[in-house]
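Here's a friendly walk through one protein model. Have a look at the picture and the sequence, then read on.

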Amino acid sequence: MNIKKILIPVLITTLSISLLAGCKSNSSSKNVGGKTQIEYWHVATQSFGGPTVTNLVNKFNGESKDVTVTAKFNADMYKGLAQNLQAAAASKQYPAVVQMGYNYLNYAAENFKYVTPDEVIKKYFPEDKNYLSENFSSNILDLAKVNGKQIGIPYSISNPIVYYNADIFKAAGLDPENPPKTWDEVKKDSEIIKQKTGIYGFYMQEPADNWAQQALMEANGGKMTSKDNGTVKASFATKQSAEAYDLLAGMIKDNTALHVNFDEGNQAFLSGKVAMCLTTIGKRDNFEKSAKFDLRGTEFPLFGNNPRRVPAGGNFLMITAQDEAGQKAAWKFIKSLLTTQSQTTWTKGTGYLPSGKNTANDPKGLKDLMAQDKLMKTAEGQMKDIVPWTSFPGANGLQAEQVLIDTRDSILSGKESSDKALKDAQDKINNLIK
C-alpha cells in the first residue's frame with residue numbers, strides 16, 4: 001500500500017491548513033452579535049445538491065433569531081470529508097454538524113468526538129424526547145446506529161439505478177420500453193449500441209467510494225463482510241464477486257463500457273457519449289435538468305435468479321460540536337433540515353429519498369413527485385432490496401476504503417485480474433482492521 005497516498009490527503013488540504021492555522025480551543029461555535037455561529041460540513045457539489053444546501057442554509061439563517069450557519073463544502077465525497085475531519089480533530093476545531101457517509105459509520109463512531117442526538121435532546125431539549133420515534137421508522141434509524149447506539153440521524157438515502165438514453169436505444173434498434181433487466185442483457189445491449197452507433201453502451205459510477213461496486217458483487221452472491229467469533233472480517237474475495245467484476249472489466253476492455261472518474265462519466269452520459277449510466281438516484285434532479293434527450297431509468301440489473309442487494313447510499317447528520325452553545329445550535333439547525341418542507345426541498349433538488357417517515361406521502365411534501373416521477377418510482381421500488389453500505393471498524397477505516405477504491409481501479413484498468421486483486425485487497429483490509 002502507498003502510505004503517502006493515504007496520509008497526504010489527510011494532512012495537506014486547503015481546509016486542514018486553514019484549520020490548523022486557527023486557535024486550538026475545543027469550541028465549535030462563536031458568539032457574534034448575540035448569535036451562535038456554527039459550521040455545517042457537506043459533500044454536495046454544484047451539480048449534486050450544492051445549490052439546495054445553500055438554499056436550505058440561507059432559509060434557516062433568515063428565520064433563526066439566535067443561530068447562524070456557514071456551509072462548508074468538502075471535496076472527494078465522504079472520504080474527503082472524513083479526512084478533513086481528522087485534521088479538524090487534530091487541531092481541536094470541530095465543525096458543529098457534518099454529513100457523514102454511511103460507509104464511515106463505524107469509523108466515525110470510533111474515531112471522532114461527537115454527541116448523540118439522544119444526549120442533546122435529553123440534556124437541552126426534553127420537549128423533543130419523542131422526536132426520533134415520531135418522525136422516523138425504526139429501520140431507517142438503524143442506518144445510523146452502531147451496536148444499538150444512535151450515532152446520528154439518517155438524512156439522505158439513495159440507491160443505484162440505471163439511467164438510460166432512449167434516443168440512443170432507438171438509434172441502435174433497441175426497444176427503449178424494454179431496458180436491460182440482467183447483467184447479461186446490459187452486456188448484450190452495450191455491444192449492440194457500440195456496433196450500431198459507435199457510442200459506449202455503459203458506465204458505472206466511480207467516485208471515491210465502493211458503493212456501486214458493492215452492489216455489483218453482492219448482486220452475484222458476494223458478501224462484503226462476515227463475522228468470525230463476533231469479529232468483522234472482509235469476505236468479498238469470492239468466485240461470485242470476481243465473476244461480477246470480470247463482466248464489467250470485460251466490457252471496458254471491449255470498449256463497450258467506459259472507465260473514467262465520476263464527473264467525467266456523468267458528463268459523458270449527459271453529452272450523449274454513453275447510453276447507460278449506473279449511478280445514484282441522488283443525481284436525478286441534475287440529470288433531469290441537464291439531459292437534452294429522452295431520459296429514462298430502470299432498476300439495478302440482476303445476475304440470473306440472485307436477489308437484488310443495493311446498499312443504502314447517502315449520509316447521516318452527525319453532531320460534532322464540542323461545546324454547549326454549539327450543540328444547542330446544531331440541534332436547532334438539524335431539526336430545520338428534517339421538516340417536511342426542508343426534506344421536500346432536499347429531495348426535489350437532488351433525488352435522494354427522504355428519511356422522514358411522513359414526507360413521501362404528505363400532500364404538502366413529496367406525494368405528487370413520488371407518484372409522477374418515474375425515476376423516483378424506480379428508486380422507491382428498490383427500497384425493499386436495501387442492505388447496509390459496508391463500514392469497516394477500527395482506526396484504519398479510511399485506509400480500508402481506499403484499498404477498495406484502488407482495487408476497483410486496478411481491475412477495471414486491466415492491471416490485475418479480479419480474483420487476485422480481490423484476494424489481495426481482502427488480506428490488506430483484514431490486516432488493517434484486526
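## Before we start

A crossing of two helices is called left-handed if the near helix is turned anticlockwise from the far one by less than a right angle, and right-handed if it is turned clockwise. Helices (H or I, at least four residues) and strands (E, at least two) are DSSP runs, numbered from the N terminus.

What you're looking at is a predicted model, where local features need pLDDT of at least 70, side-chain atom pairs count only at pLDDT 80 or more, and totals for chains, interfaces and linings use all residues. Residues are numbered from 1 along each chain as its sequence is written, and side-chain values use heavy atoms, with hydrogens and water left out.

## Two helix pairs

Let's begin with α12 (residues 239-253) and α20 (residues 418-433). Their axes (lines fitted to C-alpha atoms, for helices over the stretch in contact, with angles from 0 to 180 degrees between N-to-C directions) come within 9 Å and cross at roughly 125°. That makes α12 oblique to α20; angles under 35 degrees count as roughly parallel, over 145 as roughly antiparallel, 65 to 115 as roughly perpendicular and the rest as oblique. The crossing of α12 and α20 is right-handed. Which residues of α12 and α20 meet? On the α12 side you'll find Ser 241, Ala 242, Tyr 245 and Asp 246, and on the α20 side Ser 418, Asp 419 and Leu 422. Sorted by class, this contact has 3 nonpolar, 2 polar and 2 charged residues. (Ala, Val, Leu, Ile, Met, Phe, Trp, Tyr, Cys and Pro count as nonpolar, Asp, Glu, Lys and Arg as charged, and the others, Gly among them, as polar.)

Now try α4 (residues 77-90) and α19 (residues 397-412), which pack at an angle of about 150° with their axes 11 Å apart. That makes α4 roughly antiparallel to α19. The crossing of α4 and α19 is left-handed. Here Lys 79, Ala 82, Gln 83 and Gln 86 in α4 meet Leu 398, Gln 402 and Ile 405 in α19, where contact means heavy atoms within 4.5 Å. The class count for α4 with α19 is 3 nonpolar, 3 polar and 1 charged.

## The sheet

Two strands pair if DSSP finds at least two bridges between them. Pro 160 stands opposite Thr 280 in β13.

Zoom in on Thr 298, which sits in strand β14. Is Thr 298 buried or exposed? At 13% relative accessibility, Thr 298 counts as buried: buried means under 20% relative accessible area, exposed over 50%, and partly exposed in between (1.4 Å probe, protein chains only). Not counting residues up to four places away in sequence, Thr 298 touches Ile 161, Val 162, Tyr 164, Pro 179, Pro 180 and Thr 378.

## A hairpin and some positive phis

Strands β10 (residues 225-228) and β11 (residues 231-234) pair in the antiparallel sense over 4 bridges. Ser 226 has Lys 233 in β11 as its bridge partner. This hairpin has 2 residues between the strands, and Asn 229 takes a positive phi near 55°.

Other asparagines are worth a look. Asn 147 isn't a glycine, yet its phi is positive, about 50°. You'll find Asn 147 in the loop between β5 (145-146) and β6 (149-150), and it's exposed, with a relative accessible area of 81%. Asn 255 has a positive phi of about 65°, again without being a glycine. The loop between α12 and β12 holds Asn 255, which is partly exposed at 38% relative accessibility.

Last stop: His 259, in the loop between β12 and α13 (262-270). His 259 is partly exposed, with a relative accessible area of 27%. The C-alpha atoms of His 259 and Ser 413 are separated by 7.4 Å, though these residues are 154 residues apart along the chain. Leaving out residues up to four places away in sequence, His 259 touches Glu 206, Ile 252, Asp 409, Leu 412 and Ser 413.
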